[in-house]
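Subject: Structure for you to look at

Hello,

Please find the structure below, with my notes after it. Keep it open while you read.

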Amino acid sequence: MKKTTQIRPQGLTVIAASLSMVFGSALAQDNEEVTRLIRPESSVQFGAGYLSDDVIRFGQYSGLKDSGLYAIGNVDYLRRDDATGTWYRFDARNLGLESRSVRVEHERQGNWRYGIEYSKIPRYSQYVVNTGLRGIGDDIQMVTPVAIGAGFDKRLKTEREGVTITGQKFLGNGLDVQVRFKNETKEGDRLFGRGRFDGRQFLAEPIDQTMRQVDVILGFTGEKLQLSGGYYGSFFNNDNRSLTVFPFASGANVNNLSPIALPPDNEAHQLYLTGGYSFTPTTRANFKVARGIATQDDSFIVASAPGRSNLDGRVETTLLQAGLTARPMPKLSLLANFKYEDRDDETPVRQYFPPVSTTVNAFNEPRSLRSRTGKVEASYLLPADFRVIGGVDYEERRRNVIAVRQVNYREETDELSYRVELRRSLGETLNGSIGYVNSDRDGSRFQNPASFPVTGPVAPLHIADRERDKVRLKLDWAPAEQLSVQLLADVSRDDYSGAKLGLDDGRSTFVSLDASYSISDAWQALGWASREKSRIDNDSSTRIGTVHTPWSAEVKQRTEAFGLGLRGKLNERWKVGGDIQYSHDRSDYGLSGVPTATALLPDVKYTLRTLKLFAEYEMRQDLSVRFDAIHDRWSTNDWVWSSFAYSDGTTLSQDDSQKATFIGVSMRYAWR
Amino acid sequence: MKIDLRSVRRWMPAALLSIALLGGANAWGADDGERKDLVLTGDKVCTRCHDETEAYPVLAIGKTKHGTVADERTPTCTSCHGESPTHINKPEGVSERPSPDVNYVKDSKTPVEKRNQACLNCHQGGKRIHWQTNLHAARDVACTSCHQVHTQHDKVRDKQTQPEVCFACHKEQRAQVNRPSHHPIKEGKVACSDCHNPHGTAGEKMMVRDSVVETCYTCHMEKRGPFVRSHQPVTEDCTICHNPHGTVNDNLLKQRAPFLCQQCHEPSTHQGTVPTVEGNSAFAVGRGCVNCHTQIHGSNNPSTADGRGLRR
């Protein structure tokens, strides 16, 4: 009988271990470690979280707004076939929330790629409406007066859902073609209304809109020449063309205010070519030429008196841009840029209803705008490491003027700006710069409104004569490898002139201090604080009886904010961190020369405090558990809705003090 | 010859263990000549020193598009950092190893143009055609001021983390996005690059569609019109009335009504009314002037006088 001698398992183990040790262990371990470092990583994160309270501001754009349990889900799958350079990507974020997004991509790098992406953005109104309005969500609504507070509660919401399809193909010889198509829907309801003077009624605009965009781009990338040309189209479709409101005649202030037109369907198309050419390594020119047409010929919701069926709206836009940069000497850099844009509203001017008064004629009002902007800038390196930058900017805007004007108007404005900036490296650890800009805007003579006010005209803010000065100081200080500090300070002044009423002057300051510090290899801290103050003075006049009394408003806005952050590792397994954010906004409305005692507006304050903490424990390699905690406090004393009621009894309100805590626990697994 | 397997079982593990120790020692002592490239072609010269334990970890470039060697366009280390002979072989008599020819660290002595040119050698086309004439280039912003190359997750290319990169310089906007009326930027649903192309465009403020209005229309096409009755500033520049980064007034308005409206409209009738919170005034509370002029961006209603008043 043949005898077979068996080697025992433990012996095999020793042999395998030994062989592995000789030839493989070190290499295998090295290889595994290297693989971890160089292979694309994928991960999944799933868990659950709990929100302690109802807080609309906290979850306005995510849906994380009602107390209760929420799922946490994020996927980031990324795989590459090294042999072919083919990528497979699947992203999914916020799967447990309304603001979820998903993306799928497939790519042969350097050859082709395509993908599809879905994203949803909810937006909850911060206000609760108490109303008797019937038909919210529909394009026919019935105003139903109620006693204040006796209606039903409704929070309005809109929701965007977008799907984007992309593709690209490299054609060789530097050529590639890209396509992108995005289809986005927006649905829901938003604040609306109708009325005159004290007869204001609440309505909810029904929104059922589709927006589509198409890009087709042919590109060329050469060593010196790059070109990109293509077509861009955008298409707007509104399923709600009008809002019909009943009752039609419920008082003089709302008579005839039905139906109300909602945004019409429209579309725009653009063909363009843009490119750049590098004459030398230090001299380059670029350009863009584009021609666009936007049309709007949606059917009118009611027939116009002369029998027109649509506006036949058409705006043709021409864009020309050219830029040049050069470094003729090592110490000197030059830049020049010019842009011409002509938005020519070619919509035919027609009569749409019988003339009513001197201020309301019967014709539509096309709005054309032609602008020329130019810039030249030189930067020169001076001795002692000073660098001086000087520049001149010019902008000319020319508008068409319509026959009957509601406000003081100007056909042309010109603005010339001079800039100078001095920079210096103040040592190995300190860099600083100071810049000054002076701008002066004026233009053609003002053309008075059809009904000239006895008080004198206003010079509208965007066409008024204005002189602007701005100083900016910046310091970067890095006294040690671990510490860096940044200081930024802006001061600016606007002086308006040319009219008795309207903006008089404005001032603003902004100061920010940032610091980051690496406490050790394992711990990093950062902090920042900023303060912004702005003030505008506006002059107006009010009529009581037949007497006009001038008054003015000094509107101040102040924002103070800071943030602190800390990240670190407690040991090999624990990572922890946290952030504190504080933001406080205050608006003051200083009225002077006010003829009525009641014309006092209390200051408005908004305060936001957020504390975020996280801790991540690595249970084993690639598997970790994460704990998140967010405490959010938001408060305001805003009176904008609290003292107001529509004539139909509708009121809006918000919770002036909102606070909540979110606690989340999730598992994360990663692989390569 | 007869082999006594029992004795083999006794000595073989010990022998293998000995070989292992000797072989292992040899393996650890292998010279650099046997080292292989880890990610990029020719990177063994660099990765003999640079790995994840260095102050500037490099190997994670293998997780990125730059590390996809099947794509023949993929760079080598020297494509971006230069040949750097004195960095690779420290000259005698030099106490500190010279930096690479092109260095991207915070206190780099390499001129920014030279650093950026290394990127532009491959990435000048497409959305970066206008790089040289845009303000970022003119103010010496390096590509690596915003982008992280040696990492799988480049923060600035992720919608959720991009704003914190931009806010490192744009500090006013950092505070503004926390204001009560804001685009969902801090919520991670709108990124700075949805409106701006930081690599430069043909238009002002690096707007992706070359003008403010055209850029706003990408999401707000309903404002485009043209309308029978239009509101002139709407067609010129949305930022005359709105601050898209955040305000304390509803709908991103720079000022609340009536102050904003009174900056243009003469007090010929009710426009000069003094705002008050008393008496249910229409002008300061609720939606202010827009309580009635709900069609403030324009109306396509051709009927009667109220089209002009932007009420219907």
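Two strands count as paired if DSSP finds at least two bridges between them. Helices (H or I, at least four residues) and strands (E, at least two) are DSSP runs, numbered from the N terminus. This is a predicted model, in which local features need pLDDT of at least 70 and side-chain atom pairs count only at pLDDT 80 or more, while totals for chains, interfaces and linings use all residues. Residues are numbered from 1 along each chain as its sequence is written, and chains are lettered from A and ligands numbered from 1 in the order in which they are written.

Strands of chain A

Strand 10 of chain A and strand 11 (residues 201-221) of chain A are antiparallel partners, with 20 bridges. Asn183(A) has Arg212(A), in strand 11 of chain A, as its bridge partner. The hairpin of these two strands has 6 residues between them, and Gly195(A) in that hairpin takes a positive phi near 150°.

Strand 10 (residues 175-194) of chain A is also joined to strand 9 (residues 157-172) of chain A, by 14 bridges in the antiparallel sense. Here Gly172(A) is opposite Leu175(A) of strand 10. The hairpin of strands 9 and 10 of chain A has 2 residues between the strands, and Asn173(A) takes a positive phi near 55°.

There is also an open sheet of 3 strands in chain A, in the order 7-13-14 and with mixed pairing. Its edge strands, each pairing on one side only, are strand 7 (140-142) and strand 14 (260-261) of chain A. Strand 7 of chain A is parallel to strand 13 (residues 242-246) of chain A, with 3 bridges between them. Gln141(A) has Val245(A) as its bridge partner in strand 13.

Confidence in chain A

Chain A has a mean pLDDT of 91, with 93% of its residues at 70 or more. Within chain A, confidence is highest in strand 12 (residues 225-238), at 98, and lowest in helix 1 (residues 9-38), at a mean of 57. Over residues 1-24 of chain A, pLDDT stays under 50. Where pLDDT is low, the predicted coordinates should not be read in detail.

Chain B

Chain B has 11 helices and 0 strands. Of its 312 residues, 46% are buried (20 or more other C-beta atoms within 10 Å of the residue's own, with C-beta atoms placed from the backbone; 12 or fewer is exposed, and in between is partly exposed).

Which residues of helix 5 of chain B are buried? They are Arg115(B), Asn116(B) and Ala118(B). These residues lie on the same side of helix 5 of chain B, because they cover an arc of only 140° around the axis (taken from the directions from the helix axis to the C-beta atoms). The buried residues of helix 5 pack against helix 3 (77-81) and helix 7 (143-146) of chain B.

Where the chains meet

Contact means that the C-beta atoms of two residues, placed from the backbone, lie within 7 Å. By this rule, 103 residues of chain B are in contact with 142 residues of chain A. On the side of chain B that touches chain A, helix 1 (5-28), helix 9 (171-176) and helix 11 (232-236) of chain B each supply at least two residues. Helix 1 of chain B gives the largest share, 12 residues.

Regards

Note on methods. pLDDT = per-residue confidence, 0-100.
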